[in-house]
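Here is a friendly walk through one chain, going from single side chains out to the whole fold. Please keep the viewer open as you read.

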Amino acid sequence: MAAAGGNFSDEEFWEVCAELQQPAVAGNWELLLETSGISIYRLLEEVKASPLGVSQGPRRARAMHPAGVGRCHQLYEKECDGETLVYWQVAYPFPMYNRDYVYIRQLRELDLEGRKIYVILAKSTSSSQFPERSGVIRVSQYQQRLAIESDGKGGSRVFMYYFDNPGGLIPSWLINWVTRNGVPSFLKDLEEAYHKYPKKK
């Protein structure tokens with residue numbers, strides 16, 4: 001069975017590339033947190049999901065599941081009809097159910113006036129290759145957009161937009177607490193992992 005959702009358009013990739021230069025955080029976007037050169041914005045909406053945005057140099061995300069509440073339980077890729085689908089299961093602490101995701105992901109390398117920019121797009125999809133599992137809540141609303149380039153100083157400039165609706169009853173106070181506490185901790189761990197990563201010679 002072909003995965004639903006189809007491919008991403010050229011326009012979608014270039015839109016993300018543009019936000020790397022100037023994140024579109026006007027309107028209802030609220031600056032939630034600034035740490036380690038990274039700005040996190042949240043989009044206020046009357047929905048059950050918890051929107052959030054991130055920006056470093058220009059980096060932003062929009063909504064996120066409670067990062068730090070869950071941990072990766074299972075993650076793998078599978079080729080289906082010429083497209084790469086990803087299965088990701090997040091283990092939540094008792095008494096919450098685990099969440100899982102099935103999404104399509106594509107990477108492109110763009111040239112913007114001689115600058116090399118990598119753009120990754122991902123969104124939830126469905127496929128008979130990944131049936132729903134008992135005791136696990138399938139997240140059907142997931143989207144991520146990422147653009148990254150060298151800053152010319154041994155670092156990177158990054159833009160990220162992230163949204164998912166984990167479903168169920170997760171208190172807003174818990175999501176807010178994790179956003180303010182779990183995200184900085186995650187970013188610190190990410191930076192440490194980056195410095196330990198073997199450099200190309």
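Setting aside neighbours within four places in sequence, arginine 138 touches Tyr87, Asp100, Val102, Phe130, Pro131 and Glu132, where contact means heavy atoms within 4.5 Å. This is a predicted model, in which local features need pLDDT of at least 70 and side-chain atom pairs count only at pLDDT 80 or more, while totals for chains, interfaces and linings use all residues. Residues are numbered from 1 along each chain as its sequence is written, and side-chain values use heavy atoms, with hydrogens and water left out.

Arginine 138 belongs to strand S8; helices (H or I, at least four residues) and strands (E, at least two) are DSSP runs, numbered from the N terminus. With a relative accessible area of 18%, arginine 138 is buried. Buried here means under 20% relative accessible area, exposed means over 50%, and partly exposed covers what lies in between (1.4 Å probe, protein chains only).

Two polar contacts of the arginine 138 side chain are worth a look. A polar contact is a pair of N or O atoms within 3.5 Å; within protein, one must be able to donate a hydrogen and the other to accept it, and residues adjacent in sequence count only if both atoms are side-chain atoms. One partner is the side chain of aspartate 100, at 2.7 Å. The other is the backbone oxygen of phenylalanine 130, which lies 3.2 Å from a polar atom of the arginine side chain.

**Glutamate 149**

Now move to strand S9 (residues 142–150), where you will find glutamate 149. Is glutamate 149 buried or exposed? It counts as buried, because its relative accessibility is 7%. Its side chain meets the side chain of arginine 115 in a polar contact of 2.7 Å, and that of arginine 157 in another of 2.6 Å. Beyond four places in sequence, the contacts of glutamate 149 include Leu20, Gln21, Lys116 and Ile117, as well as Gly155 and Ser156.

**Aromatic rings**

The whole structure holds 9 aromatic pairs. Rings of Phe, Tyr and Trp (its six-membered ring) pair if their centres lie within 6.5 Å; planes under 30 degrees apart count as stacked, over 60 as edge-to-face and the rest as tilted. Two of the tilted pairs are set out below.

| Pair | Centre to centre | Angle between planes |
|---|---|---|
| Tyrosine 76 and phenylalanine 130 | 6.0 Å | 35° |
| Tyrosine 103 and tyrosine 142 | 4.9 Å | 45° |

Tyrosine 76 is partly exposed at 28% relative accessible area, whereas phenylalanine 130 is buried at 4%. Lysine 78 also lies over the face of phenylalanine 130, 5.2 Å from the ring centre. A charge sits over a ring if NZ of Lys or CZ of Arg is within 6 Å of the ring centre and within 35 degrees of the ring normal. Likewise, the charged end of lysine 123 sits over the ring of phenylalanine 8, 4.9 Å from its centre.

Tyrosine 103 and tyrosine 142 are both buried.

**Glutamate 113**

In the loop between S6 and S7 sits glutamate 113. Its phi is near 50°, a positive value in a residue other than glycine. Most residues other than glycine have a negative phi. Glutamate 113 counts as exposed, because its relative accessibility is 76%.

**The whole chain**

The chain has 2 helices and 10 strands, in the order α-β-β-β-β-β-β-β-β-β-β-α. Of its 201 residues, 41% are buried. Among contacts with a separation of 6 or more, 52% join residues 24 or more positions apart.

How confident is the predictor? The mean pLDDT, the predictor's confidence in each residue from 0 to 100, is 77 for the chain, and 81% of the residues score at least 70. Confidence is lowest in strand S3 (residues 52–56), with a mean of 42, and highest in S7, at 92. Over residues 47–66 the pLDDT is below 50, and this stretch has 107 contacts in the model beyond near neighbours in sequence.
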